[in-house]
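Open the model in a viewer with residue selection and a cartoon display. The stops below say what to select next and what is there.

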Amino acid sequence: MDRFNAYRRRLLALGGAALGASLLPFPAFATLSTPRPRILTLSNLNTGESLKTEFFDGKGYIKDELTRLNHFFRDYRANKVTAIDPALFDQLYRLQVLLDTSKPVQLISGYRSVDTNNGMRAHHRGVAKKSYHTKGQAMDFHIDGVALNNVRKAALSMRAGGVGYYPRSNFVHIDTGPVRTW
């Protein structure tokens, strides 16, 4: 009887895992499961900088390119740099694949120091006290030529973290925190 229940539990667990994997959007799943280079093209709307980088070579992350991305995503107000979660770059790459675009991602906000975040909170509604921006795990952006609502839908379909939609301000927020939406 105990052996039968253990077998049944294992079978149910495997079935649940298979069902969960089948719910992942195929193109987004395939982009990270197939070893290939990952390239991002970005523009920083606040600094005027542009960057094209191959941050993953098909086998692993490229340290020097992650360093370039960390600088690009810096808190430009305080000129502070932090390590950005590479999973954020993976999400962005997957989004570009899902949206079938190679147009530059227009970065509005990446890393924010706690001081910068607190200053923004004092002057703007909707800035979280414990923002994932302060942890190097979030970004606000849009992609020229791609409808903002389509960017949002693609981000939601990945179920890879938080997705915020700000059509009045013309940006989508993504982060590597828990899956949630607003």
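**Stop 1: helix α3**

Exposed means over 50% relative accessible area, buried means under 20%, and partly exposed lies in between, with a 1.4 Å probe and protein chains only. Helices (H or I, at least four residues) and strands (E, at least two) are DSSP runs numbered from the N terminus.

This is a predicted model, in which local features need pLDDT of at least 70 and side-chain atom pairs count only at pLDDT 80 or more, while totals for chains, interfaces and linings use all residues. Residues are numbered from 1 along each chain as its sequence is written, and side-chain values use heavy atoms, with hydrogens and water left out.

**Stop 2: the whole chain**

The protein has 6 helices and 7 strands, in the sequence pattern α-α-β-β-α-α-β-α-β-α-β-β-β. Of its 182 residues, 41% are buried. The protein exposes about 10,500 Å², and carbon and sulfur atoms supply 55% of that area; accessible areas come from the Shrake-Rupley method with a 1.4 Å probe, and for residues only the protein chains shown count as cover. Among contacts (heavy atoms within 4.5 Å) between residues at least 6 apart in sequence, 55% join residues at least 24 apart.

**Stop 3: the sheet**

Select the strands. They form an open sheet of 7 strands in the order β2-β1-β3-β4-β6-β5-β7, with mixed pairing. β2 and β7 (180-181) each have a single partner strand and stand at the edges, so one side of each is left without a neighbour in the sheet. Two strands count as paired if DSSP finds at least two bridges between them.

Go to β3 next. Because 4 of its 5 residues are buried, β3 is largely enclosed by the rest of the structure. β3 pairs with β1 in the parallel sense over 3 bridges, and Asn44 stands opposite Leu107 in β3. With β4, β3 pairs in the antiparallel sense over 4 bridges; here Leu107 stands opposite Phe141 in β4.

Step on to β6 (residues 171-175), which pairs with β4 in the antiparallel sense over 4 bridges. Ala138 stands opposite Asp175 in β6.

**Stop 4: His142**

Select His142 in strand β4 (residues 138-143). His142 counts as buried, at 11% relative accessibility. Which side chain makes a polar contact with the side chain of His142? That of Asp144 does, at 3.4 Å. A polar contact is a pair of N or O atoms within 3.5 Å; within protein, one must be able to donate a hydrogen and the other to accept it, and residues adjacent in sequence count only if both atoms are side-chain atoms. Beyond its neighbours within four places in sequence, His142 is in contact with Leu45, Val105, Gln106, Ile108, Leu148 and Asn170.

**Stop 5: salt bridges**

Side chains of opposite charge can pair when their charged atoms come close. The whole structure holds 5 salt bridges, each a side-chain nitrogen of Lys or Arg within 4 Å of a carboxyl oxygen of Asp or Glu.

Show Arg38 and Asp90: they form a salt bridge, with the closest N and O atoms 2.7 Å apart. Arg38 lies in strand β1 and Asp90 in helix α4, so the pair ties together parts that are 52 residues apart in sequence. Both Arg38 and Asp90 are buried.

Move to Glu49 and Arg74, another salt bridge, with its closest N and O atoms 3.1 Å apart. Glu49 is in the loop between β1 and β2 and Arg74 in the loop between α3 and α4, 25 residues apart, and the pair links these distant parts of the chain. Glu49 is partly exposed at 25% relative accessibility, whereas Arg74 is buried at 11%.

End at Arg180 and Asp175, whose side chains meet in a salt bridge (2.8 Å, N to O). Arg180 is partly exposed, with a relative accessible area of 29%, and Asp175 is buried at 0%.
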